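These are my notebook entries on a single structure.

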Amino acid sequence: MNYRAFVIYGSPGSGKGTQGRVLGSIPGFYHLSTGDVFRSLDFRTEIARTFMEYSSKGHLVPDELTFQVFTQHIEKMIALGSYKPEVDHLILDGIPRTATQAILLRNYVVVQRFFLLDVVDKEKLVARLVKRALKENRADDANEHIIRERFAVFDKETEEILKHYPKEIMFRIDALQYPYEVLRDILMKINTREE
Ligand code: ADP
């Protein structure tokens, strides 16, 4: 399989979910957030419990389990007709999160653009995340210690992940702009006609 995809990559709180949702509302784009997929699992299942175990500590779910959930979700969305690989571009939000995932992903998707939502001042994000925790009732945003743990995980993985994508498809976007400015910068770099 080689689903066409744009990756929205950024640290927790960088706004990748917001951008993914907006882009996903445009016909021809399909937003797939692995965090959302994990959170929508039936919490009585083993997989959902494993997810909670990792995410509540600020850790990543193991790669193998992540891919199991990711591929099952794509197959389900194709079967339901909500994602149509022959016409839609995937907007990937939350995957890849490790170098291994970047490699595994090649079996399924062709990454046409990689958008790095860049945040220079991480302290601004802590405030964003604490606000989101209150709004969305998320255990992983609930305290600053866990937030900082997630930033540490992110920083450690980022360098390794970026190595897997050529410079020509990578675009660094200032994530501390207004959401519409971030969106504009992303859209300026998207051209689905050329590929
Ligand atoms: P954030 O970007 O704020 O961390 P997400 O919704 O993308 O939020 O992810 C929430 C949690 O879900 C992560 O902290 C992690 O535990 C888990 N998760 C999401 N995507 C992945 C992935 N690709 N690999 C491993 N774990 C993931």
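**Entry 1: ligand site**

I looked up the surroundings of the ligand and found 20 residues around it, the closest being K16, T34, H59, R132 and R150. I note that the model is a predicted one.

A polar side-chain atom of R150 is 2.7 Å from a ligand oxygen atom. For R97, a polar side-chain atom lies 2.9 Å from an oxygen atom of the ligand.

Next I asked which elements give two or more residues to the shell around the ligand. They are α2 (34-39) and α3 (46-55). The largest share, four residues, comes from α2. By residue class, I recorded six nonpolar, seven polar and seven charged residues in the shell.

**Entry 2: helix α8**

I examined helix α8, residues 179-188, for buried positions and found E181, V182, L183 and I186. I then checked what these buried residues pack against: β1 (3-10), α1 (16-24), β4 (109-118) and β5 (170-174).

**Entry 3: start of the chain**

I located M1 in the segment before β1. Is M1 buried or exposed? M1 counts as exposed because its relative accessible area is 56%, and the cut-off for exposed is over 50%. Setting aside neighbours within four places in sequence, I found M1 in contact with N107, Y108 and V109. I also took the C-alpha to C-alpha distance from M1 to I26, which is 23 Å for a separation of 25 residues in sequence.

**Entry 4: nonpolar cores**

I turned to the largest nonpolar core, which has 32 residues; L90, L92, F114 and Y165 touch the most other members. Elements giving two or more residues to this core include β2 (29-33), β3 (89-93), α5 (99-105) and α7 (144-162). The most comes from α4, with six residues.

Not counting residues up to four places away in sequence, F114 touches V7, Y9, I161, L162, Y165, I169, M170 and F171. Lastly, I recorded another core, apart from the largest one, with 20 residues, among them I91, L129, F151 and F171.

Key: Residues are numbered from 1 along each chain as its sequence is written. This is a predicted model: local features need pLDDT of at least 70, side-chain atom pairs count only at pLDDT 80 or more; totals for chains, interfaces and linings use all residues. Side-chain values use heavy atoms; hydrogens and water are left out. A residue is near a molecule or strand if one of its heavy atoms lies within 4 Å of it. A polar contact is a pair of N or O atoms within 3.5 Å; within protein, one must be able to donate a hydrogen and the other to accept it, and residues adjacent in sequence count only if both atoms are side-chain atoms. Ala, Val, Leu, Ile, Met, Phe, Trp, Tyr, Cys and Pro count as nonpolar, Asp, Glu, Lys and Arg as charged, and the others, Gly among them, as polar. Buried means under 20% relative accessible area, exposed over 50%, partly exposed in between (1.4 Å probe, protein chains only). Contact means heavy atoms within 4.5 Å. A nonpolar core is a set of buried Ala, Val, Leu, Ile, Met, Phe, Trp, Tyr and Cys residues joined through side-chain atoms within 4.5 Å.
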